[in-house]
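Trainee: Could we go through this one together? I'd like to learn how to read it piece by piece.

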Amino acid sequence: MPHSEQRRDYRHDIRPGKLIAGLVLIGVSVAYLGDVGGAWDTPSGIAVPAVVTGLIVAGAVNWAAYRLRRRRAARSASSETSDVPASTSGSQAIK
């Protein structure tokens, strides 16, 4: 394929757990920065429970996304008919 016709695939797996964890940490940081700046009063003991809860939720979302990716990959692999079966590929390795 000529260089001008090559198509780059920039897609990657979405990691919603990392997004949630980042948003929670940014939220806690903003809350304490607002407290330091005098914009509002943030309770001192709120950071640890907020971060722990956010990380638990992020872990649960990440696990659910992982299971969904695995299910989709298995479904698309079972519907592919273009590959040669392992028994006729010439290799004795188990696939």
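Trainee: Where does Asp 13 lie?

Mentor: Quick ground rules: this is a predicted model, where local features need pLDDT of at least 70, side-chain atom pairs count only at pLDDT 80 or more, and totals for chains, interfaces and linings use all residues. Residues are numbered from 1 along each chain as its sequence is written, and side-chain values use heavy atoms, leaving out hydrogens and water. Helices are DSSP runs (H or I, at least four residues), as are strands (E, at least two), numbered from the N terminus. With that in hand, Asp 13 lies in the segment before H1.

Trainee: Is Asp 13 buried, partly exposed or exposed?

Mentor: Buried means under 20% relative accessible area, exposed over 50%, and partly exposed in between (1.4 Å probe, protein chains only). Asp 13 has 43% relative accessibility, so Asp 13 counts as partly exposed.

Trainee: How far apart in space are Asp 13 and Ala 65?

Mentor: In sequence, Asp 13 and Ala 65 are 52 residues apart. In space, C-alpha to C-alpha, the distance between Asp 13 and Ala 65 is 9.6 Å.

Trainee: Which residues is Val 51 in contact with, leaving aside its neighbours within four places in sequence?

Mentor: Contact means heavy atoms within 4.5 Å. Val 51 and Ala 21 sit 30 residues apart in sequence, yet their C-alpha atoms are 8.2 Å apart. With those sequence neighbours set aside, the contacts of Val 51 are Val 24, Leu 25 and Val 28.

Trainee: Is Arg 72 buried or exposed?

Mentor: Arg 72 lies in helix H2. Its relative accessible area is 56%, so Arg 72 is exposed.
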